[in-house]
Amino acid sequence: MKLKLNIIIIIFLSLFLLNCSKAEKGEDTKEKTEEYSEYESSEFAELTQKQMNAVGITLGQIEMKELTSIIKANGALSVPNNNKANATSLYGGVIKTLHVQVGDYVKKGQVIATIANPEFIQLQEDYLTTVSRITFAEQEYRRQQELFDNDAGAEKNLQNAAAELKTLRTKRASLQRQIQMMGISPGSVSNTNLKSGLVVTAPINGTISNILLQIGSYIDVSSPVAEIVDNSSLHLDLQVFEKDLPSIKVGQKIHFTLTNNPVEEYDAEVYSIGTAFENQSKTIPIHCKVKGNKNGLIDGMNATAVVSLNNELMPAVPNTAITSSDGKDYIFLVTKQKSEEHKDEKSQEKTVNFERVEVVKGTSEMGYTAITPVKSIPEGAKIATKGAFFINAKLSNSGEHEH
């Protein structure tokens with residue numbers, strides 16, 4: 001009986017100790033999870049002097065630098081209407097040949113296309129007939145003048161001959177002009193050289209931006225064959241907000257990049273400032289003339305511009321003091337505070353603690369970038385002026401290692 005009682009007591013004690021052990025393990029796991037979670041979100045990194053020397057991390061302070069303040073604005077490239085043109089024909093007809101393609105550069109007067117129409121032959125025929133009739137009319141006028149001078153002819157006949165000659169000469173001048181407008185020299189028109197086509201020429205120097213018809217298409221006076229754009233007078237039209245308007249002046253230099261090519265930078269100069277708001281955007285149009293290199297620029301391209309203003313004294317750090325992560329920019333502030341992982345540790349080697357502080361970047365010039373810290377930074381505080389990238393890497397790697 002006593003033996004059975006001892007066995008039962010031993011079983012109960014074993015079960016109790018097993019449960020206690022599981023509970024302790026659960027608490028231990030929970031504490032580790034909490035420690036990891038707390039460290040994972042830490043913004044602190046700790047480096048030894050040896051580590052800092054190895055990657056070239058240097059310390060300094062936020063400086064007050066005289067940098068050029070800027071205004072950013074969006075806009076688009078455009079060409080004034082007086083630098084755009086349509087190559088059209090003054091007469092209807094069927095397109096016989098096309099001599100250009102989209103992107104070709106043409107000079108004023110260069111042949112764009114030829115047009116055929118049988119009516120053109122009729123016009124030249126009328127011209128030749130009129131020239132022949134003028135020869136006869138001149139002879140008749142001289143004959144009547146001679147008869148009148150010798151009292152052998154009536155004055156009325158002389159007057160009729162003079163009127164007929166004048167009418168024919170007027171018609172010849174009209175037909176000459178029409179033939180010239182067709183691109184045909186009147187002197188080249190003969191019975192054996194009648195032309196059934198005329199040429200369409202470029203009205204301005206420029207680049208072919210569009211061809212609207214094809215060979216065999218019928219063209220009338222209202223139908224252009226091609227569109228021509230003179231990019232030498234390319235303008236940049238910007239939209240500037242009302243608050244920035246007082247800072248814009250005629251003659252200011254503009255630097256801009258294309259939306260589809262942010263690497264290449266171009267220059268422009270403000271020549272006109274709008275006096276009315278654009279639609280509902282509450283922006284004012286600023287017109288700039290593109291200067292220098294225009295390669296790759298086309299009418300209608302979107303652009304982002306930077307307007308340089310006067311120099312201002314502003315807090316700035318070396319470019320090497322800034323690092324980016326997840327779309328945000330940071331600097332590293334020297335602090336006495338440690339991460340949760342190292343709070344209770346006592347290292348034999350001297351270390352430097354860094355706190356990651358988010359900043360908003362401003363203008364960059366001569367190796368320095370203006371910054372606006374998201375949180376206040378004590379005056380005279382030390383920061384990492386070089387090697388921010390490596391500190392940020394250390395911060396990330398520590399989190400991964402702990403994980």
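This is a predicted model: local features need pLDDT of at least 70, side-chain atom pairs count only at pLDDT 80 or more; totals for chains, interfaces and linings use all residues.
Residues are numbered from 1 along each chain as its sequence is written, and side-chain values use heavy atoms, with hydrogens and water left out.

The secondary structure of the protein chain comprises five helices and 21 strands, where helices (H or I, at least four residues) and strands (E, at least two) are DSSP runs numbered from the N terminus. Of the 403 residues of the protein chain, 33% count as buried; buried denotes under 20% relative accessible area, exposed over 50%, and partly exposed the range in between, with a 1.4 Å probe and protein chains only. When contacts (heavy atoms within 4.5 Å) between residues at least 6 apart in sequence are considered, 75% of them join residues at least 24 apart.

Helix α3 (residues 119–149) and helix α4 (residues 155–181) have axes that come within 8 Å and cross at roughly 155°, the axes being lines fitted to C-alpha atoms, for helices over the stretch in contact, with angles from 0 to 180 degrees between N-to-C directions. The two helices α3 and α4 are therefore roughly antiparallel to each other, given that angles over 145 degrees count as roughly antiparallel, under 35 as roughly parallel, 65 to 115 as roughly perpendicular and the rest as oblique. The crossing of α3 past α4 is left-handed, a term used if the near helix is turned anticlockwise from the far one by less than a right angle, the clockwise case being right-handed. By class, the contact of α3 with α4 contains 14 nonpolar, seven polar and nine charged residues; Ala, Val, Leu, Ile, Met, Phe, Trp, Tyr, Cys and Pro count as nonpolar, Asp, Glu, Lys and Arg as charged, and the others, Gly among them, as polar. Within α3 lies Ala137, which is buried with a relative accessible area of 4%. Apart from neighbours within four places in sequence, Ala137 is in contact with Leu165 and Leu168, and its C-alpha atom is 9.1 Å from that of Lys166, 29 residues away in sequence.

A nonpolar core is defined as a set of buried Ala, Val, Leu, Ile, Met, Phe, Trp, Tyr and Cys residues joined through side-chain atoms within 4.5 Å. The largest such core has 26 residues, of which Val106, Ile112, Ile208, Val225 and Ile228 touch the most other members. At least two residues of this core are supplied by each of β4 (84–87), β7 (111–116), α3, α4, β8 (197–201) and β11 (226–229), and the largest share, four residues, comes from α3. Beyond residues up to four places away in sequence, Val225 touches Ala87, Ile95, Leu98, Ile112, Ala113, Val200, Ile211, Leu212, Leu213 and Ile219. A second, separate core of 25 residues includes Leu236, Ala268, Val270 and Cys288.

Further residues illustrate other parts of the chain. Ser209, placed in strand β9 (residues 206–211), counts as partly exposed at 35% relative accessibility. With residues up to four places away in sequence not counted, Ser209 touches Val102, Glu227, Ile228 and Val229, and Ser209 and Asp299, 90 residues apart in sequence, are 9.3 Å apart from C-alpha to C-alpha.

Ile322 is placed in the loop between β16 (302–318) and β17 and counts as buried at 15% relative accessibility. Its contacts, leaving aside neighbours within four places in sequence, are Val317, Asp329, Tyr330, Ile331, Lys361, Thr369, Ile371 and Ala388, and 9.5 Å separates the C-alpha atoms of Ile322 and Glu358, which are 36 residues apart along the chain. Asp326, by contrast, is located in the loop between β17 (323–325) and β18 (328–335) and is exposed, with a relative accessible area of 77%. The phi angle of Asp326 is near 55°, a positive value in a residue other than glycine.
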